[in-house]
Amino acid sequence: NTLGAAWQYQKALFPVDASKRDLTLGVQSKYVKDSLYSQDAVNRLYDMADKSSKESMDDLTDTDAKVTAYFDSAMTTFYSRYNSVARDEDDAKQSDRETRELVLTLVEEYLSAREEGYLTEEQKAVYEVCRAAGDADNMLPSARQNTVKDGSGTVRNLTAAQYYDYQGNFNSLYWNLVKEALPQAKGDAEKEAVLKYAVDAAGVMAKNNVLIKLGAETSKDYKDYEDLQLYSVPISAYLVAKAKTKGIDALKDKRTGNAIPDSKGALIVEAVREMKLDLPETNQKKLMEILGVGKTVLEWSETRLKRKLREFRKSAGVEEGGGY
């Protein structure tokens with residue numbers, strides 16, 4: 001079925017094997033330490049988060065401090081939510097012990113990376129975008145809730161292992177999207193948009209991966225991502241196209257001031273074509289459709305599109321080749 005096909009395609013793009021989970025906010029497994037339970041490591045994590053939070057509040061203009069505090073807070077929030085679920089489960093189960101060992105390993109890895117000042121290339125790029133923006137709102141991976149709401153509105157409580165799997169899948173999706181999409185963005189505004197869209201996309205896909213595994217109804221916000229995967233359109237390409245077309249609106253007739261019908265869709269098609277995506281025409285049309293292009297415009301040939309754009313721009317008093 002189509003849902004199963006989308007899931008298989010996404011698995012090929014982003015492995016979901018629990019052993020490959022990345023909950024270290026991009027650090028992955030560069031640092032390996034004893035994975036046995038250590039209350040000292042957990043205490044150090046919380047102490048570190050308290051310190052970075054105070055430092056970020058001391059200088060509200062220090063964006064690097066804000067980002068560091070955000071990551072520390074995300075780690076402590078994840079651990080707190082995981083721990084609240086784990087306490088209610090049977091610690092005698094082998095799966096529970098294995099999950100706890102994995103969680104504590106990632107805490108050790110995160111602490112080591114922070115203490116060494118280690119950043120991946122993707123983290124450095126994200127820091128740079130936040131630095132240029134002077135903020136980090138909605139651009140960084142967050143701690144997921146330990147519940148998910150399915151398409152029928154039912155809230156599903158996750159086990160500790162399911163929550164670990166959910167958080168890891170979200171983090172892996174986010175950093176993969178950042179790695180693929182961010183280099184394609186041009187200018188600060190596009191880069192900021194790409195990071196925000198990466199958070200949203202990773203959240204929707206990770207949530208629905210959980211729902212699919214639970215055999216539950218997927219949420220409505222998953223439909224576009226499912227269609228993109230079925231048409232083999234990289235999610236990263238969609239994020240970049242979405243960022244590049246974010247500011248496009250309908251052109252207005254210079255005589256009447258009214259919006260020119262189909263002009264917005266035509267401008268979006270033009271912008272997507274300028275990206276020169278290596279995709280079949282049908283797949284590109286699906287991408288444009290999801291970006292909001294109507295069927296009328298999608299049926300235009302390249303020649304007709306160019307002619308209509310000239311007409312639209314002339315009516316709007318905009319020079320050829322310009323005007324979003």
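Ser 263 sits in helix H10, a helix covering residues 263–274. Please keep in mind that this is a predicted model.

**The chain as a whole**

- The chain exposes about 16000 Å², and carbon and sulfur atoms supply 46% of that area.
- Take the contacts between residues at least 6 apart in sequence: 74% of them join residues at least 24 apart.

- Which residues touch Ser 263, once its neighbours within four places in sequence are left aside? The contacts are with Ala 250, Leu 251 and Phe 312.
- Asp 262 lies in the loop between H9 and H10.
- Although Asp 262 is not a glycine, its phi is positive, at about 70°.
- Asp 262 has a relative accessible area of 36%, so this residue is partly exposed.

**H2 against H3**

- Helix H2 (residues 39–58) packs with helix H3 (residues 63–86) at an angle of about 145°, and their axes are 8 Å apart.
- The crossing in which H2 passes H3 is left-handed.
- On the H2 side, the residues that meet H3 are Val 42, Leu 45, Tyr 46, Met 48, Ala 49, Ser 52, Ser 53 and Ser 56.
- On the H3 side, the partners are Ala 65, Lys 66, Thr 68, Ala 69, Asp 72, Met 75, Thr 76, Tyr 79 and Ser 80.
- Sorted by class, this contact of H2 with H3 has 9 nonpolar, 6 polar and 2 charged residues.
- As background, an α-helix has 3.6 residues a turn, so residues three or four places apart point the same way.

**Tyr 46, a closer look within H2**

- Tyr 46 is found in helix H2, and its relative accessible area of 28% makes it partly exposed.
- Setting aside neighbours within four places in sequence, Tyr 46 is in contact with Thr 76, Tyr 79 and Ser 80.
- How far apart are Tyr 46 and Thr 76 in sequence and in space? They are 30 residues apart in sequence and 6.4 Å apart in space, C-alpha to C-alpha.

**H3 against H5**

- H3 also meets helix H5 (residues 121–133): their axes come within 9 Å and cross at roughly 125°.
- H3 and H5 are therefore oblique to each other, and their crossing is right-handed.
- From H3, this contact uses Thr 63, Asp 64, Val 67, Thr 68 and Phe 71; from H5 come Tyr 127, Cys 130 and Arg 131.
- By class, the contact of H3 with H5 has 4 nonpolar, 2 polar and 2 charged residues.

- Asn 138 is found in the loop between H5 and strand S1 (147–149).
- Asn 138 is not a glycine, yet its phi is positive, at about 65°.
- Is Asn 138 buried or exposed? With a relative accessible area of 59%, Asn 138 is exposed.

**H8 against H11**

- Helix H8 (residues 223–230) and helix H11 (residues 281–290) pack with their axes 10 Å apart, at an angle of about 170°.
- Because angles over 145 degrees count as roughly antiparallel, that is how H8 and H11 are described.
- The contact brings together Asp 224, Asp 227 and Leu 228 of H8 with Lys 286, Leu 287 and Ile 290 of H11.
- By class, the contact of H8 with H11 has 3 nonpolar, no polar and 3 charged residues.
- Glu 226 also lies in H8, and at 9% relative accessibility it counts as buried.
- Glu 226 and Asn 208 are 18 residues apart in sequence and 10.0 Å apart in space, C-alpha to C-alpha.

**H11 and what covers it**

- The buried residues in H11 are Asn 283, Gln 284, Lys 286, Leu 287, Met 288 and Ile 290.
- What covers the buried residues of H11? The cover includes H8, helix H9 (235–244), H10 and helix H12 (295–298).
- Just after H11, Gly 292 takes a positive phi of about 105°.

Conventions:
Residues numbered from 1 in each chain as written. Predicted model: local features only at pLDDT ≥ 70, side-chain atom pairs only at ≥ 80, totals over all residues. Heavy atoms only, no water. Axes fitted to C-alpha atoms, helices over the stretch in contact; angles between N-to-C directions. Helix = DSSP H or I, 4+ residues; strand = E, 2+ residues; numbered from the N terminus. Left-handed = near helix turned anticlockwise from the far one by under 90°. Contact = heavy atoms within 4.5 Å. Nonpolar A, V, L, I, M, F, W, Y, C, P; charged D, E, K, R; others polar. Parallel < 35°, antiparallel > 145°, perpendicular 65-115°, else oblique. Buried < 20%, exposed > 50% of the residue type's maximum accessible area, 1.4 Å probe, protein only. Areas by Shrake-Rupley, 256 points an atom, 1.4 Å probe, with all protein chains shown as cover.
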